[in-house]
Amino acid sequence: MTNIKKIPASEITPEHIYNDRRNFIKNLGLILSSSALSTFANTSFGALNSLPSFAQAKNHGNEKLTSLKDITSYNNYYEFGTSKSDPHDHADLLKIDPWSISIEGSVAKPLKLDVDELIKLIPIEERIYRLRCVEGWSMVIPWVGIPLNSLLKKVSPTGNAKYVEFVSLKRPSEMIGQKDDMLDWPYTEGLRLDEAMHPLTILAVGLYGKVLPKQNGAPIRLVVPWKYGFKSIKAITKIRLVEKMPVSTWMKANSREYGFYANVNPEVDHPRWSQSTERRIGESLLAPRLKTEMFNGYQKEVAHLYQGMDLNRYF
Ligand code: MTE
């Protein structure tokens with residue numbers, strides 16, 4: 001922890017970047033896989049590398065992993081448009097290399113680093129999580145990422161840090177959905193500090209053992225498995241530790257429909273969609289809908305965070 005220092009952008013030489021990119025490849029464990037050319041993000045820092053020890057299991061408990069095709073072609077990513085196929089069709093325009101992410105605000109040791117540096121700092125792992133969207137569908141996704149708490153510990157949050165705000169990218173020239181002001185760009189999200197520090201919360205840099213596809217939020221996105229999918233912000237550029245509860249993009253857009261907490265809760269319906277059941281993407285349309293579980297099935301791990309809170313009010 002003591003040898004972590006902020007690296008000003010001016011100090012990053014092209015050679016440094018090149019070496020870091022090579023390390024990203026090494027760190028990912030890599031075997032070159034040409035079959036994935038069109039799906040996985042194509043960057044000089046380790047596109048198309050598979051992680052042989054990851055994503056071997058086809059089933060998670062009794063749950064089948066959602067296919068790579070479905071995970072990468074049925075997306076919500078309004079920066080590229082509002083239909084489910086828009087991110088797959090348009091995200092390729094986005095340049096994700098170079099990319100840096102800064103961790104700032106109420107912290108003793110702010111950091112600015114790129115994805116290569118990040119995964120050199122903190123070992124990556126695979127986490128198979130359910131992703132439950134407020135629209136009533138879900139997937140089971142083998143993410144590759146780092147626990148967010150490991151990163152936050154490196155910056156030493158001060159006593160004023162009560163919440164964490166996440167900020168995505170605003171670049172309308174490459175994100176064609178941003179030409180429309182349907183949302184207040186850049187997309188932002190927030191967590192309470194204890195939610196951000198929970199061991200289930202990760203920053204994902206890959207899935208199915210490979211570099212994250214752009215439509216899924218490359219080069220780095222949040223995944224909070226007990227919350228509705230909209231909390232899991234993609235293409236993060238800033239993580240800010242703050243004292244006051246951040247107002248997220250969706251809260252600004254419609255505070256009656258989208259609350260700060262957004263915990264998966266089958267007992268509290270969204271004004272437009274029931275939350276009691278869900279459709280697993282990839283299953284037959286005739287298959288019975290699954291019952292949605294409290295906190296998306298992670299009740300044992302996270303219920304204590306909300307003890308004594310009225311979850312109808314803090315939705
Ligand atoms: N992040 C950004 N920057 N922009 C978005 O529109 N959509 C959210 C979330 N993260 C979104 C975002 C929503 S509504 C969902 S359900 C998930 O991403 C979908 O993640 P996936 O496409 O990887 O399944």
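Start with the lining of the largest pocket, whose residues divide by class into 18 nonpolar, six polar and six charged (Ala, Val, Leu, Ile, Met, Phe, Trp, Tyr, Cys and Pro count as nonpolar, Asp, Glu, Lys and Arg as charged, and the others, Gly among them, as polar). A pocket here is an open set of points on a 1 Å grid over the protein atoms alone, where a 1.4 Å probe fits, with protein on both sides within 12 Å along at least five of seven lines, and lining residues have an atom within 4 Å of a point.

This is a predicted model, in which local features need pLDDT of at least 70 and side-chain atom pairs count only at pLDDT 80 or more, while totals for chains, interfaces and linings use all residues. Residues are numbered from 1 along each chain as its sequence is written, and side-chain values use heavy atoms, with hydrogens and water left out.

Next, select β6, which gives the most to the lining of the largest pocket, with four residues.

Now show the ligand, which sits in the largest pocket (more than half of its atoms lie within 2 Å of the pocket's grid points). Of the 15 residues around the ligand, select Asn75, Tyr78, Glu79, Ser232 and Lys234, which come nearest (a heavy atom within 4 Å makes a residue near).

For the polar contacts (pairs of N or O atoms within 3.5 Å), select Lys234, where a polar side-chain atom lies 2.7 Å from an oxygen atom of the ligand, and then Tyr78, where a polar backbone atom is 2.8 Å from a ligand oxygen atom. At Ser168, a polar side-chain atom lies 3.5 Å from a nitrogen atom of the ligand.

Note on methods. Polar contact = N/O pair within 3.5 Å; in protein donor to acceptor, adjacent residues only side chain to side chain. Helix = DSSP H or I, 4+ residues; strand = E, 2+ residues; numbered from the N terminus.
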